[in-house]
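Reader: Hello! Could you take me through the salt bridges here, pair by pair?

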Amino acid sequence: MLEHTADVKKWSGTIAGVREQIAKVIVGQEDVVEQMLWCIFAGGHALLEGIPGLGKTALVRTVSDTLDLSFSRIQFTPDLMPSDITGTNIISFGPQGSAEMSFQPGPVFSSIVLADEINRASPKTQSAMLEAMQEQTVTVGGETRSLPRPFFVLATQNPLEQEGTYPLPEAQLDRFMLKILVSYPSEEELKEIVRRTTSTAQPLADKAASAEELLEIRQAVKEVLLADEVLDFGVRLLMMTHPEEAAAPEMVKSYVRFGSGPRGIQSIVSAAKVRAVSKGRMHVSTGDISAVAIPALRHRLFLNFEGQSLGIVTDHVVREILDVLEGGK
């Protein structure tokens, strides 16, 4: 632990360098960038939700440039087949008429995969993508192939257009460590976006970390200290998302149908550890738990009919739980 404590400044500096390079290209969206970095350095996958044109693709591509990782983009459509993602075996003919079977890898064989509008693909294709995310392997023709290390899926979905889409089932949503909301830019940010994108000088991000440094930080994050009282705080937070829990706030009991499963607390702790390292600490605080709770839980709470009809937002439910917890500390 002592040597890790000595290195934590280097690791936090690396994360800060990545953040700085992304800011050269992406205007604003500090919270989005921060939450994406939590995911990446924890080894998780992220679901980005926002209307078209907010720079989600540019953000993911910039992250890959900054980390010097291979990048591929899959535009999900209803006619996309699982083999279009994973790859397929093809027959190659030699000069003498000989034939042999060879594997043509699909776009999932990249370190960073942008799954654009993942809710537009059929459930069968979504399942193939989510299986690759979970297992980090692809099986084609009876042979299992490992995906690159590191491997991240950053998926997007459009909250406006629901016609012709296949919403991700709850069990599949649970496989994303965080759900990140990409908000509309402010007036000043819009001006800066126009300046950067309509001039001859196009800003580019420089490499700020290597794949080896990324994997080193990911391994170090696992050794960040988690005190029992901090873990208790996180577990109480998770338990209070369940309406049958006696200590749950009235908002949960009234409007939540199902609370978060165990992956919720796993995601919270993993993201909180990365946040601690980025702040130069080798221990998790309750402040770290609170900071990551909303993006880690907003897609893991399911409202009942009354909550949906009243337009209750799960972010507000998690905020209510945090207010109760923090008030009782």
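Author: Happy to! A salt bridge is a side-chain nitrogen of Lys or Arg within 4 Å of a carboxyl oxygen of Asp or Glu. This is a predicted model, in which local features need pLDDT of at least 70 and side-chain atom pairs count only at pLDDT 80 or more, while totals for chains, interfaces and linings use all residues. Residues are numbered from 1 along each chain as its sequence is written, and side-chain values use heavy atoms, with hydrogens and water left out.

Let's begin with Arg120 and Glu117, whose side chains form a salt bridge at 3.3 Å, N to O. Both Arg120 and Glu117 are buried (buried means under 20% relative accessible area, exposed over 50%, and partly exposed in between, with a 1.4 Å probe and protein chains only).

In the whole structure there are 11 salt bridges. One of them joins the side chains of Asp68 and Lys207 at 3.6 Å, N to O. Asp68 sits in the loop between helix 3 (56-67) and strand 2 (71-75), and Lys207 in the loop between helix 7 (187-197) and helix 8 (211-221), so this pair ties together parts 139 residues apart in sequence. Helices (H or I, at least four residues) and strands (E, at least two) are DSSP runs, numbered from the N terminus.

Next come Asp323 and Arg319, with a salt bridge of 3.3 Å, N to O. These two are separated by about one helical turn, because they are 4 residues apart in helix 14 (residues 314-327). Asp323 counts as partly exposed at 42% relative accessibility, and Arg319 counts as partly exposed at 33%.
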